[in-house]
Amino acid sequence: MKKLLSIFLACSCLISLSACNNKKSDSVTLPDGKLDKCTLRFSWWGGDDRHEATLEAIELWNTLHPEITIEPEYGGWDGWTEKINTQINGSSAPDLMQINYDWLINLSSDGLAFYDLNLLTDSLDLSGFDEETLSFGKVNDSLNAVTVSMSGRGLFYNSQAFDSVGAEYPRTWNELIALGDTFKDENSYPLDLDIQSGSTAWYLAVVYVQQNTGREFITMDGKLGFTCEDIKSALDFYKSLEDNNVIRTVKERIESDGNSALYQSSEFIGGNIAGVLEWGSAVGKYESVLDDGVLESGPFLTDDNENNTGWMIKPSLLYAISSNTKYPDEVATFMDFLLNNQQCAEILGTSRGIPASEYAFEHLEQTGMLNGLAHENAVMLNELDTVTISPYMELAQLKEYYNSAIEKVSYGICSTDDASKEMYDLIENYLEKINR
């Protein structure tokens, strides 16, 4: 799966596109040069860094196209899926939406909830996307969405916190566990897993087991690839992180942080939490609350034989147009602006990860803007034998199963043996139900 990331990293593959750049430096208009006067709603989730960049890009758009006003709707991830669900079911969805990978299964299994972008190619230039990247947004024969970036979760560490205990960033799972004792003397932790993100703890446990077994947790066609024993191994691994002071228990996180996300936690901002597991496309929210240069990329963990398999990548997010929009061509033109326009690319930078559009990528590369943690994360992932995450793994109902099992094990309500049997049956039955 290296090629899914390498297309964003290999400059040599992009030089041939330089002749196309001039048309991307200007705002795109319809063939007849006219756009209907209208107001369009655009919704997205993210941290403050993404919000600020996107609002600035909208301001640029409104300057270039005063006849089309963009109304922004944005917020944090918590509760965002439910909000969009309600809007789509109530026929009140925004014209343009930033969507998550699994929403195509949940919200548009028949391909009808979102506009078929194949019908809008006069307004939306997709020539800067390879077919494999576009395939992530296809439902049946309809192109429901366009991948904005590819991403994977990486480990990021507070360099000052590690320096204060004289520790190096871990390279293996065993080195990570051993760090628990080092940080315990300072009443701190080398890592923590954001309980607000939906499934961060389970994600890390899945990587560990995938690396050990070579099996994928859930296959691309929605089949459970783990055995019940694999799920138990994942829960055992998670519990070992708590028991060895690598991460806080669920109870400790809730008592300390309440409903706050980890990047908003005083424990993280103050350095008592020295590491996080986060998507490369979203790590900016952690960077923004620390001093410049303090947060650094750490190695992707391997076993003691330096086996680096098991780590995962996916479309970090996609853009989709509501099937109910009254202005499909105008929305597509705005989407093209977000994906391909050079000025917009400079404003957005890597706030949504490394751009999948080769036009945006090349411009950021030429202007020296492809740097920082998001870029480092992509470069490091490209060196691994990665697994593409199944969209089924990200379904909201399955995340409830993951989180429930983690909480039961953390609180001592269930043994890992009992929790794994319950979780296996729940996942197996749910996947069978939605795949009928």
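Predicted model: local features only at pLDDT ≥ 70, side-chain atom pairs only at ≥ 80, totals over all residues.
**Overall form**

The protein contains 19 helices and 11 strands. Its radius of gyration is 22 Å, close to the 22 Å that the globule rule gives for 436 residues, so the protein is as compact as a globular protein of that length. The C-alpha trace spans about 65 × 50 × 40 Å along the principal axes. Of the 436 residues, 58% are buried.

**Salt bridges**

The structure has 12 salt bridges.

| Pair | N to O distance |
|---|---|
| D192 and R253 | 3.2 Å |
| K285 and E278 | 3.8 Å |
| D417 and K421 | 3.3 Å |

In the bridge between D192 and R253, D192 sits in the loop between α8 (173-184) and α9 (200-213), while R253 belongs to helix α11 (residues 250-257), so the pair ties together parts that are 61 residues apart in sequence. D192 counts as buried because its relative accessibility is 1%, and R253 counts as buried because its value is 3%; the cut-off for this class is under 20%. These two residues also belong to a network of salt bridges that links D192, R248, R253 and D257.

D417 is partly exposed, with a relative accessible area of 30%, and K421 is partly exposed at 42%.

**Negative surface patch**

Seven acidic residues need no partner to be listed here: D163, E168, E287, D291, D292, E296 and E376 form a negative surface patch. One of them, E376, is part of helix α17 (residues 372-382). The relative accessible area of E376 is 36%, so this residue is partly exposed.

**Positive phi angles**

Most residues other than glycine have a negative phi. S91 has a phi near 55 degrees, a positive value in a residue other than glycine. S91 is located in the loop between α4 (80-89) and β3 (96-99), and is exposed, with a relative accessible area of 55%.

N140 also has a positive phi, near 55 degrees, and is a residue other than glycine. Its place is the loop between β4 (138-139) and β5 (142-143). N140 is exposed because its relative accessible area is 61%, where the class begins over 50%.

Notes:
Residues numbered from 1 in each chain as written. Heavy atoms only, no water. Patch = residues over 30% accessible without salt bridge, like charges linked within 9 Å, V, L, I, M, F, W, Y side chains within 5 Å. Areas by Shrake-Rupley, 256 points an atom, 1.4 Å probe, with all protein chains shown as cover. Salt bridge = Lys/Arg side-chain N within 4 Å of Asp/Glu carboxyl O. Lys, Arg positive; Asp, Glu negative; His and termini not counted. Charge placed at Lys NZ, Arg CZ, Asp CG, Glu CD. Helix = DSSP H or I, 4+ residues; strand = E, 2+ residues; numbered from the N terminus. Buried < 20%, exposed > 50% of the residue type's maximum accessible area, 1.4 Å probe, protein only. Rg over C-alpha atoms; globule rule 2.2 N^0.38 Å.
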